[in-house]
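Please open the structure in a viewer and keep the sequence at hand.

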Amino acid sequence: MSFPKGFVWGAAAAAHQIEGAYNADGRGKDIWDVFESENGKIFEGHTARVSCDHYRRYAEDIKIMKEIGLENYRLSISWSRLIPDGAGAVNQKGVDFYKRLLSCLCENGINPYITFYHWDLPYELHKRGGWLNPDSPDWFARYAELAVKNFSEFSSRFITFNEPQCFIGLGFQKGIHAPGLKHPARDVLQMTHNVLKAHGTAVRAARAAAVRPILIGYAPTGEMCCPATESAADIEAARERMFSCPDLENCADGISWWSDPIMLGKYPEDGLKKYEGFLPDITAEDMKLISEPIDFYCQNIYNGAFVRAGENGKSEYVTRPAGGGKTAIGWHVTPQCMRWGPRFLYERYKKPIYITENGMSSHDWVSLDGGVHDPQRIDYTRRHLRELSKAIADGADVRGYFHWSIMDNFEWCQGYSDRFGLVYVDYQTQERVIKDSGRWYKTVIETNGENI
């Protein structure tokens with residue numbers, strides 16, 4: 001079993017989850033810094049103030065990446081490290097840090113894929129209304145312009161947003177993530193529209209600011225739907241369910257609501273009907289901006305649901321077998337999501353696809369022999385990669401895969417209770433240990449997936 005020649009193998013992380021140094025060298029607060037300071041919001045009161053201390057230890061971490069054989073690394077930039085209040089003066093020390101980091105990656109033969117936004121809205125912008133403020137697209141465009149102007153000499157690959165379904169849905173509709181709010185649907189849909197406009201303004205600003213030709217993508221998430229059987233009826237039912245818009249109380253969650261406007265230039269009809277009466281003003285000019293052409297489409301995929309054609313002709317979920325596999329965080333193990341998700345996405349959007357996150361939380365620890373043995377992560381990844389190869393065989397133009405994550409880190413409201421990394425981090429000593437999965441992943445890269 002192998003992958004196409006030139007297939008991109010990588011791993012990923014995010015600024016707020018690994019950098020630490022939360023108040024160093026002029027960095028401003030983001031919404032997570034404030035959320036973490038409140039009692040009861042994060043598991044056992046954990047914070048990301050130190051985390052993996054990547055801000056100071058990036059050279060050591062990049063050396064480990066090279067040891068693993070990593071050739072591509074997806075990272076995010078901290079908006080409030082570059083612009084402390086989000087929209088005012090530039091923090092040159094923040095710019096210089098990322099130049100040092102990116103330069104070190106390039107010197108070690110590792111290609112950076114830069115994500116502008118991985119959930120860390122500057123707190124000062126939140127106080128001004130955040131994504132509800134009609135100026136938010138302009139704030140984001142200025143930030144993206146600054147990042148590309150300074151960093152495109154090191155990278156030609158940029159991604160606007162990571163998982164908007166999560167940072168809007170969990171942060172502003174369900175109140176689980178920062179800033180912990182529960183807005184009414186009307187506000188949520190307005191924020192969605194503003195984020196999509198911010199994406200479009202950033203694409204335009206980034207292309208204009210780049211010092212060399214760049215490629216731009218977008219990285220949503222969402223529920224992957226798999227057919228219960230490979231009958232034509234079940235395949236169509238799974239496809240239909242995957243792109244159906246959820247009910248109003250979960251309006252931030254849908255795949256098509258977040259991706260159709262960018263990829264197809266229009267909101268999906270079923271969502272327009274379901275959300276009628278709660279929608280923001282949507283103009284033709286807005287849609288032209290939102291659908292500013294991008295070069296590749298990303299998807300973060302961890303699990304999926306099974307769907308079949310019901311007797312009434314409508315799609316319906318199939319109950320998972322009792323006792324089925326789950327990861328340490330409680331997510332179902334459904335490798336088939338990595339075949340059907342990319343296949344359906346490519347059929348709908350017809351753009352090259354990168355899997356920008358996939359991985360699992362496992363209960364890892366350092367064994368008496370000094371190693372970290374995580375056979376479940378190896379098995380999980382192998383199963384998902386086998387299914388991804390089937391998606392490619394089915395005709396999906398999948399260009400790359402980024403494992404989440406390169407190292408254990410701050411897992412948002414779960415704190416440090418979940419470990420997703422290929423590299424173990426001792427948060428007391430900051431010692432790093434390459435796990436068995438990290439060494440196995442090296443062989444995946446070296447063989448272009450033939451070993452799976």
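Which residue in β5 is the bridge partner of Ile159? Select both strands: Ile159 is bridged to Gly217 of β5. Strands are DSSP runs of E with at least two residues, and helices are runs of H or I with at least four, numbered from the N terminus. This is a predicted model, in which local features need pLDDT of at least 70 and side-chain atom pairs count only at pLDDT 80 or more, while totals for chains, interfaces and linings use all residues. Residues are numbered from 1 along each chain as its sequence is written, and side-chain values use heavy atoms, with hydrogens and water left out.

Stay with strand β4 (residues 157-162), which pairs with β5 in the parallel sense over four bridges; pairing requires at least two DSSP bridges between two strands.

Next, select the whole open sheet, in which eight strands follow the order β5-β4-β3-β2-β1-β11-β10-β7 with parallel pairing. At its edges are β5 (215-219) and β7 (297-300), each with a single partner strand, so one side of each has no neighbour in the sheet.

Finally, select helix α5 (residues 92-107), which has 16 residues. Its buried residues (under 20% relative accessible area, 1.4 Å probe, protein chains only) include Phe97, Tyr98 and Leu101. After α5 comes Gly109, with a positive phi near 75°.

Conventions:
Expected span 1.5 Å × (residues − 1). Buried < 20%, exposed > 50% of the residue type's maximum accessible area, 1.4 Å probe, protein only.
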